[in-house]
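Here is a quick tour of a protein model for someone meeting it for the first time. Have the sequence and the 3D view open as you read.

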Amino acid sequence: MERENWAESISSTSADDAQAMFNKHLATYRKIVGENLMFHREVYGLLHNLLSQEMQKPFKFLDIACGDAVASAAALKGTAIDHYYGIDLSPQSLELARESLKDLPCPIDLQCCDFVEAMTDWSDAVDVVWIGMSLHHLQPEGKVRLMKDVRNTLSRDGLFLIWEPTLLDGESRAGWLDRFSAYRSVWAAITDEEFATMLAHNRLADFPESADGWKAMGHQAGFAHAEQIFMMPNRFGRVFQFRN
Ligand SMILES: C[S@@+](CC[C@H](N)C(=O)[O-])C[C@H]1O[C@@H](n2cnc3c(N)ncnc32)[C@H](O)[C@@H]1O
């Protein structure tokens, strides 16, 4: 799904082919979200409830790897959102995000860049940072570095939330990948080709951590509190919150 991870497979194709391939992957992801195969409804519903309950004063929200921001826009509707920042590598996704977010009653800043680079010198203080299904592409040192950069951008009472693939207790990365591949029949809404592409992407680019691992990384980054607040019903991923 991520543009940079397709680089190997698309390096020998023309720019038009590469564009077509990117659009195809984006369409598959939107189908997966539309069918709620990854439980976006529950996860972003949880985000909405959390923001409604805990952020009653106007707050600034940073959506790292926002994609088309359809689910974020729904989660932010009716909250005290005061400023939305979104970062993504994909211009096509950001074009869709601009449309999804247009009814939010606040400024919308969308940045087309690598989030690792963007976060190293991010200067605007924000109150909530959200990462949905993207931090797991980094290696452990990169994950901690990014979490530190997030912590540096957060206001004192700020909230950092991640929704990421998570290993079961005692499970290896290979075990997690096998567990996902055994899910083919449940993901009947996508074609065999789409599922195979997704699996190939997972094998190349997904590096889940255990629940204790995600929490320990948050502590290493300097957060005093790290807590799991949700597990997807299929147990492939979880939501964690970090606070100072
Ligand atoms: C799996 S989608 C997640 C979208 C959305 N956050 C969600 O919860 O459904 C991953 C997104 O991360 C973006 N992405 C991946 N690596 C990135 C990077 N290094 N910098 C910025 N965006 C990146 C991709 O373009 C894609 O839109």
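**The whole chain**

Keep in mind that this is a predicted model. It has ten helices and eight strands. The radius of gyration is 17 Å, close to the 18 Å that the globule rule gives for 244 residues, so the protein is as compact as a globular protein of that length. Buried residues make up 35% of the 244. As for who touches whom, take the contacts with a separation of 6 or more: 69% of them come from residues 24 or more positions apart.

**The core**

In soluble globular proteins, nonpolar side chains tend to be buried together. Here, the largest nonpolar core has 50 residues. The ones with the most contacts inside it are L47, F61, I64, V128, V129, W130 and F160. Which strand gives the most to this core? That would be β5, residues 154-167, with six residues.

Setting aside its neighbours within four places in sequence, V129 is in contact with L62, I64, V150, T153, L154 and F160. Two of those partners, I64 and F160, are also on the list of residues with the most contacts inside the core.

**Two tryptophans**

W163 sits in strand β5, while W176 is found in helix α8. W163 counts as buried because it has 26 C-beta neighbours inside 10 Å. W176 has 22 inside that distance, so it counts as buried too.

Who do they touch, leaving out residues up to four places away in sequence? For W163, the contacts are V43, G132, M133, G237 and V239. For W176, they are P165, L167, E171 and P208. W176 and A200 are 24 residues apart along the chain, and their C-alpha atoms are separated by 14 Å.

**Two residues with a positive phi**

F39 has a positive phi although it is not a glycine, and M133 has a positive phi although it is not a glycine either.

| Residue | Phi | Loop between |
|---|---|---|
| F39 | about 65° | α2 (15-34) and α3 (40-54) |
| M133 | about 55° | β4 (126-132) and α7 (140-153) |

Are these residues buried or partly exposed? F39 is partly exposed, with 19 other C-beta atoms within 10 Å. M133 has 20 C-beta neighbours inside 10 Å, so it counts as buried.

**A helix pair**

Back to α8, the helix that holds W176. Helix α8 (residues 173-181) packs with helix α9 (residues 192-205) at an angle of about 170°, and their axes are 11 Å apart. The two helices are therefore roughly antiparallel to each other. On the α8 side the contact is made by L177, F180 and S181, and on the α9 side by L199, N202 and R203. These residues divide into three nonpolar, two polar and one charged.

Note on methods:
Residues numbered from 1 in each chain as written. Predicted model: local features only at pLDDT ≥ 70, side-chain atom pairs only at ≥ 80, totals over all residues. Axes fitted to C-alpha atoms, helices over the stretch in contact; angles between N-to-C directions. Helix = DSSP H or I, 4+ residues; strand = E, 2+ residues; numbered from the N terminus. Parallel < 35°, antiparallel > 145°, perpendicular 65-115°, else oblique. Contact = placed C-beta atoms within 7 Å. Nonpolar A, V, L, I, M, F, W, Y, C, P; charged D, E, K, R; others polar. Core = buried A, V, L, I, M, F, W, Y, C linked by C-beta atoms within 7 Å. Buried ≥ 20, exposed ≤ 12 C-beta atoms within 10 Å, placed from the backbone. Rg over C-alpha atoms; globule rule 2.2 N^0.38 Å.
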